[in-house]
Amino acid sequence: MCHIVSLRTALLMLATIPLSACDLYISDNPDTGSSSIIEVASYQQPCPNPAAGLCRLERPSGSSGWELRNDPITGFYPEWGKSYRLEVQDGWNSRELLSIQDVWTDPVGTRYNVNYLTLIDGSFSGWSNSNYRFFDQPFVCNTQINCQPLVNMSGSYGVVSLQFRYTGNSFIPLELIWWN
């Protein structure tokens with residue numbers, strides 16, 4: 001009998017290992033179906049798990065300190081340069097946008113530092129002419145910057161740091177002004 005319990009425990013542990021690599025949202029709110037108010041920052045940062053790409057900076061409304069999150073909020077598509085206050089419905093394994101309560105736009109020229117980004121597949125791509133994409137976010141290169149090497153290195157798992165500037169343009173809101 002002792003072996004069966006140990007075997008069950010071992011199997012349970014083995015079954016949960018693959019889930020640890022996933023970016024799965026499981027609510028810690030015991031009252032699923034309730035709503036909460038959260039704030040989302042105007043930029044994103046690399047996720048702790050490099051394979052996950054970029055994470056939102058998020059916190060409960062009115063609190064200090066940001067948490068990195070990359071679980072989807074159904075119906076919400078954040079834009080760089082805009083901070084949000086959202087009402088979301090908390091489910092057991094997902095969240096859904098109920099309403100956007102406030103939106104704040106950063107001043108033109110605001111700079112965003114993205115440090116220690118692992119270049120996974122799709123981190124950079126060419127789009128058209130001198131326009132590029134940083135994951136799904138369109139951007140242009142400063143005239144003093146060559147962005148093509150970033151596209152070429154995408155998927156190499158190299159690590160870079162970047163600095164973007166907010167342009168205020170709704171179609172291409174970012175300009176890459178520095179990288180190494």
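Author: Begin with the terms. A pocket is an open set of grid points with protein on both sides within 12 Å along at least five of seven lines, and its lining residues have an atom within 4 Å of a point. Strands are DSSP runs of at least two residues, numbered from the N terminus. The model here is predicted.

Reader: Which strands each supply at least two residues of the lining of the largest pocket?

Author: Strand 2 and strand 10 (137-141) do. Strand 2 gives the most, with three residues.

Reader: How much space lies in the largest pocket, and which residues lie nearest its centre?

Author: The space is about 570 Å³. The lining has 24 residues, and Q44, P78, W80, D136 and Q137 lie nearest the centre. By class, 14 of the lining residues are nonpolar, five are polar and five are charged.

Reader: How is empty space found at all?

Author: Rolling a probe the size of a water molecule over the atoms shows where empty space is left. In a cavity, the probe fits but cannot get out. A search of the whole structure finds one cavity of 30 Å³ or more. The largest cavity holds about 50 Å³ of space.

Reader: Which strand supplies the largest share of the lining of that cavity?

Author: Strand 1, with five residues. Strand 1 (35-46) and strand 2 (54-60) each supply at least two residues of this lining. Among the lining residues are V40, Y43, R56, L57 and E79. Q44, P78 and W80 line the largest cavity and also lie among the residues nearest the centre of the largest pocket.

Reader: How many helices and strands does the chain have?

Author: Two helices and 12 strands. Of the 180 residues, 37% count as buried. Among contacts between residues at least 6 apart in sequence, 54% join residues at least 24 apart.

Reader: Which element has the lowest mean pLDDT, and which the highest?

Author: Helix 1 (residues 2-20) has the lowest, 39, and strand 11 (residues 159-166) has the highest, 98. Over residues 1-27 the pLDDT is below 50, and beyond near neighbours in sequence this stretch has 17 contacts in the model. Where pLDDT is low, the predicted coordinates should not be read in detail. For the chain, the mean pLDDT is 85, and 82% of residues reach 70 or more.

Methods:
Residues are numbered from 1 along each chain as its sequence is written. This is a predicted model: local features need pLDDT of at least 70, side-chain atom pairs count only at pLDDT 80 or more; totals for chains, interfaces and linings use all residues. Side-chain values use heavy atoms; hydrogens and water are left out. Helices (H or I, at least four residues) and strands (E, at least two) are DSSP runs, numbered from the N terminus. Buried means under 20% relative accessible area, exposed over 50%, partly exposed in between (1.4 Å probe, protein chains only). Contact means heavy atoms within 4.5 Å. On a 1 Å grid over the protein atoms alone, a cavity is a set of points where a 1.4 Å probe fits but cannot get out, and a pocket is an open set with protein on both sides within 12 Å along at least five of seven lines; lining residues have an atom within 4 Å of a point. Grid points are joined across faces, edges and corners, and a volume is the space filled by probe spheres set on the points. pLDDT is the predictor's confidence in each residue, from 0 to 100. Ala, Val, Leu, Ile, Met, Phe, Trp, Tyr, Cys and Pro count as nonpolar, Asp, Glu, Lys and Arg as charged, and the others, Gly among them, as polar.
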